[in-house]
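Trainee: I would like to learn how to read a protein structure. Could you walk me through one, feature by feature?

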Amino acid sequence: MNAFEYVNPSSLKEVAALLGGKRDRKAVVIAGGVDLLGELKDELIAPDRLVNLKALPDLRYIRHRRRKLEIGATTTLTEIASDEAIRSAYTALAQAAESVGSLQIRNVGTLGGNLCQRPRCWYYRDSAFPCLKKGGHTCYAVDGNNRYHAILGGGPSYIVHPSDLAPALIALGAVVEVQGPAGGRKLDLEDFYVLPRERLQQETVLGPNEVVTGVEVPRPGPGTVSVYLKFNEKGSMDFALSAVAVAVRVEGGICRSARVVLGGVAPRPWSAVEAEKVLRGKRLTGDVADQAAEAALAGALPLAHNAYKVPLTRTLIRRAVLAAGA
């Protein structure tokens, strides 16, 4: 690990200046540092400067407004998971936050860090493999050990996005706030993420001197229920093999609106649009849940060792839909 400068900025404007305008990752932000420490130890990056976002107290907050929820980028996962109002009105978000890692990780891990994680692919994380995500010419997962890789939206890289919060927040209609040298901007969180075919060496639309400062989540309407379910290989402290966030609004026993967003199966949080179409206008019965699950995975293209993710994800969708519609 090379020597680096550690800077405590006094403002967001100073953060943008400290990061500069290049994509060489010589200056990077740190908050909880959970993912960044892994990248440093794996020799994936060798920054000259770390810019500490936790030096800005204005980025750590949970605000319950009449029409929306506001959460700052350096708010910890523990704070999100333990907020009673979030658990009540934005249940999938609390469940997603509580599913991350261990209590110790949740105590330091942040909202912004979880949304901006880099891939966990073992070829990407191993410095011996010059893979596509690191500027190489090969996705080694295609012909290699790909049991944890993408079944939807893959190519030319087959990473999966590791965030738990992102699927839940997208299902809840969240907007992400971004700050850069030109000021702030907001965009739908769903539009924050990109596929490898759109931006090979990044997973988001962030510019080199932009940072996430927070999210806004519209208050769910009457009759809205949300659920986040995750299946991981170990009982704790593990990333999702597959995950699903469902948010439905039911009136008179009929589903009037639905969002189904998958995690752990695609290079970005994956909106299962066809499943949502199946659910709208229907009673959320077991048969309808099965039809939605089939529709969500109709376009799946598993690799040699990850076909198990198809029935696994179908089962998670069915369970989440029935739990939300109960």
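Trainee: What volume does the second largest pocket have?

Mentor: Please keep in mind that this is a predicted model. The general idea first: rolling a probe the size of a water molecule over the atoms shows where empty space is left. In this case, the second largest pocket has a volume of about 370 Å³.

Trainee: Which residues lie nearest the centre of that second largest pocket?

Mentor: They are Arg120, Cys121, Tyr148, Asp238 and Phe239, out of 16 residues that line the second largest pocket. Helix H8 (122-125) and strand E10 (240-251) are the elements that each give two or more residues to this lining. By class, the lining of the second largest pocket holds ten nonpolar residues, one polar and five charged.

Trainee: Let me look at Arg120. Where is Arg120 found?

Mentor: Arg120 is in the loop between H7 and H8. With a relative accessible area of 36%, Arg120 is partly exposed. Leaving aside neighbours within four places in sequence, Arg120 is in contact with Asp35, Arg125, Pro162 and Phe239.

Trainee: Is Asp35 buried or exposed?

Mentor: Asp35 has a relative accessible area of 14%, so Asp35 is buried, given that the cut-off for buried is under 20%.

Trainee: How many salt bridges does a search of the whole structure find?

Mentor: The search finds 23 salt bridges. One of them joins the side chains of Glu203 and Arg118, at 2.6 Å from N to O. Glu203 lies in the loop between helix H10 (189-192) and strand E8 (211-218), and Arg118 in the loop between H7 and H8, so this pair also links distant parts of the chain, 85 residues apart. Glu203 is buried at 5% relative accessible area, and Arg118 is buried at 11%.

Trainee: And what separates Lys277 and Glu274 in helix H11?

Mentor: Lys277 and Glu274 are three residues apart in helix H11 (residues 273-279), which means about one helical turn lies between them. Their side chains meet in a salt bridge of 3.3 Å, N to O. Glu274 is partly exposed, with a relative accessible area of 41%. Elsewhere, salt bridges that share partners join Arg63, Arg65, Lys68, Glu70, Glu177, Lys186 and Glu216 into one network.

Trainee: Now for the core. Which members of the largest nonpolar core touch the most other members?

Mentor: The general idea is that in soluble globular proteins, nonpolar side chains tend to be buried together. Here, the largest nonpolar core has 41 residues, and Leu93, Leu115, Leu165, Leu169, Leu189 and Phe192 touch the most other members. Helix H9 (residues 165-171) gives the most to this core, with six residues. Apart from this core lies another, of 30 residues, among them Val248, Val260, Leu279 and Leu284.

Trainee: What is Leu93 in contact with, leaving aside its neighbours within four places in sequence?

Mentor: Leu93 is in contact with Leu69, Ile71, Ile80, Ile86, Leu165, Ala168, Leu169 and Leu172.

Trainee: Last topic: how many cavities of 30 Å³ or more does a search of the whole structure find?

Mentor: It finds two. The largest cavity holds about 60 Å³ of space. Its lining has 14 residues, with Cys121, Cys131, Cys139, Ser157 and Ile159 nearest the centre. That lining divides into ten nonpolar, three polar and one charged.

Trainee: Which residues line the second largest cavity?

Mentor: They are His161, Pro162, Ser163, Ala240, Ala243, Gly263 and Gly264. The second largest cavity holds about 30 Å³ of space, and its lining has three nonpolar, four polar and no charged residues.

Methods:
Residues numbered from 1 in each chain as written. Predicted model: local features only at pLDDT ≥ 70, side-chain atom pairs only at ≥ 80, totals over all residues. Heavy atoms only, no water. Core = buried A, V, L, I, M, F, W, Y, C linked by side-chain atoms within 4.5 Å. Buried < 20%, exposed > 50% of the residue type's maximum accessible area, 1.4 Å probe, protein only. Helix = DSSP H or I, 4+ residues; strand = E, 2+ residues; numbered from the N terminus. Contact = heavy atoms within 4.5 Å. 1 Å grid on protein atoms, 1.4 Å probe; cavity = no way out; pocket = protein on both sides within 12 Å on 5 of 7 lines; lining within 4 Å. Points joined across faces, edges and corners; volume = space filled by probe spheres on them. Nonpolar A, V, L, I, M, F, W, Y, C, P; charged D, E, K, R; others polar. Salt bridge = Lys/Arg side-chain N within 4 Å of Asp/Glu carboxyl O.
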